[in-house]
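Please look at the sequence and the model first.

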Amino acid sequence: MRYSQLFIPTLKETPAEAEVTSHKLMIRAGMIRKLAAGIYSTLPLGLRVLRNVENIIREEMNATGAQEVFLPCIQPAELWQESGRWKLYGKDLLRIKDRHDRDFCFGPTHEEVITDILRKEVRSYRQLPISFYQIQTKFRDEIRPRFGVMRGREFMMKDAYSFDCDEEGAERAYKKMYQAYCNIFKRCGLSFKAVEADSGTIGGSYSHEFMVMADSGEEAIAFCDKCDYAANLEKAEIKATDSYKKNEKKKLKSVETPGMTSVEEVSSFLKVTPKDLAKTLLFETEKGTVAAMVRGDHQINEIKLKNITGCSEINLAREEVVKEISGAPTGFTGPMGLKIAVFADHAIQQGTNFVTGANKADYHLLNVNEGRDFSVKNFCDIRNVEDGDPCPKCSGQTQLKRGIEVGHVFKLGEKYSKSLKATFLDKDGKEKYFVMGCYGIGVGRTMAAAIEQNFDQDGIIWPIPIAPFQVMVIPLNVNSKEISNAADKIYDHLLKDKIEVLIDDRDERPGVKFKDADLLGIPLQIIIGDRTLKESAVELKIRKDKKIEKVGIDKIAKRIVRLLVSDQL
């Protein structure tokens, strides 16, 4: 491809709206343009990267035996009402009406649609196992779209679905897809971790997120410094320990704490540490209000609490609910005298003489102890993991790093087949529900995550497998017949070798060409100028480390081929 014929609207300045590196560089490199909040047009250079990611995904999905389909993006409300997700999905679901006033949604995912097909078309165990996948546009009405394509409302996604006769078959399908995902992200040139995760609104019993490690990642990842345990912050377990020293229980005492509602304010006023406090928060669920207790220096994990209580929805209690149950405004709630279930973190069981709210405005209690002063329904792991917490699987310690979610695999079990009454006949002629799995990859997020891992102050550094072009030929003076002829010969030779190459045939200053080449991040640059040409040579620059070597014109094609199959890029 010739640069003069390719639409690449590069920018010198970083747009004010762009926050993270990938967003900044994708706009500056002319890969995307914003149409509306969270909605982007993908321009030619960006689409070339997306297609490369898609090709890798297709090859690995086909290798698992999954069959490609293309399902409607507009879905009838009836399907979502059958599964129970029409209300559960909330405002993230873009609801629309047709001219007959019938309800539809723009699909954020396709569990309902694919299950509807299977319940109508597959009747016997002889037709199983079977898996399908698609690469298609989705829409989720994010409350705060940001970070460009990383957290957009409209996005490209690969979603796959497996159907099996039993749990054993579903486990085999899950492992096969898990390995396929590892292959995909390795082939994309990414450093990643597969971590245990909560299944969220998709549902199911078990799931893993595939996280690309990056400082700009939205999510924290917990992993052990000794074993292979890894989980996201929502799911990361904390081993209960008895290492805390039990002190003698002191006499209960009430103290005035005027207007002090936060852990920081109370601990500073009472001259204690946040670790000496036990904070009690009330949560509203569909089953009623519950109380949760954690140490003052810990944070409640609402996902863990939701799973422990067996609720599908959980939210911090409103002010009026807090007053009704505790008798005090928010900030002064304590566990004593509460007539609702109290769920306490293991650290509460391991400590003594806590400071808690007194359930009275402007007052706290000193030396509050479980058993003597209040009772707990269940001691459990309901807090966020922190650096240095004991690993739940071995004697190691947990470490935290940031990551970007690019893929998620789920064991769905019979969640959707039961709600949609999707059954088949087993070998004994008995009707059974399909056992399902679902597997998603954010195609655009994968592209953005690759940039977050591979960039410098000059621009993008694409991994070879997904780069828009593998090589860029840069003639420094297109008005020189000798330089132009040499550049064209190299360009034609590389094309014949099936190498994706871009030639910068613009009549621009060398400095402009160098800056654009580095910004676009094409892995190899062949620079042709008067000085080297007199020696029948060119300069070969490796974008990753900016090393430059002089190579003879007659050897450059072979050198390029060797580099592309090596580990140097």
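## The chain as a whole

The model is predicted. Its chain has 569 residues, 53% of them buried. The secondary structure consists of 16 helices and 31 strands.

Among contacts with a separation of 6 or more, 68% join residues 24 or more positions apart.

## Surface and charge

The chain has an accessible surface of about 26,600 Å². Carbon and sulfur atoms account for 48% of that surface.

The chain carries 87 positive and 84 negative charges.

## Helices α1 and α12

Two packed helices are described by the angle between their axes and by the distance between the axes. For helix α1 (residues 21-28) and helix α12 (residues 443-453), the angle is about 105° and the axes are 8 Å apart. Helix α1 is therefore roughly perpendicular to α12.

The residues that meet are T21, S22, L25 and M26 from α1, and M447, A448, I451 and E452 from α12.

## Residue S484

S484 belongs to helix α13, which covers residues 481-496. With a relative accessible area of 18%, S484 counts as buried, because the cut-off for buried is under 20%.

Leaving aside residues up to four places away in sequence, S484 touches N477 and V478.

Technical notes: Residues are numbered from 1 along each chain as its sequence is written. This is a predicted model: local features need pLDDT of at least 70, side-chain atom pairs count only at pLDDT 80 or more; totals for chains, interfaces and linings use all residues. Side-chain values use heavy atoms; hydrogens and water are left out. Helices (H or I, at least four residues) and strands (E, at least two) are DSSP runs, numbered from the N terminus. Buried means under 20% relative accessible area, exposed over 50%, partly exposed in between (1.4 Å probe, protein chains only). Contact means heavy atoms within 4.5 Å. Accessible areas come from the Shrake-Rupley method with a 1.4 Å probe; for residues, only the protein chains shown count as cover. Lys and Arg count as positive and Asp and Glu as negative; His and the chain ends are not counted. The place of a charge is taken as NZ of Lys, CZ of Arg, CG of Asp or CD of Glu. Axes are lines fitted to C-alpha atoms, for helices over the stretch in contact, and angles run from 0 to 180 degrees between N-to-C directions. Angles under 35 degrees count as roughly parallel, over 145 as roughly antiparallel, 65 to 115 as roughly perpendicular and the rest as oblique.
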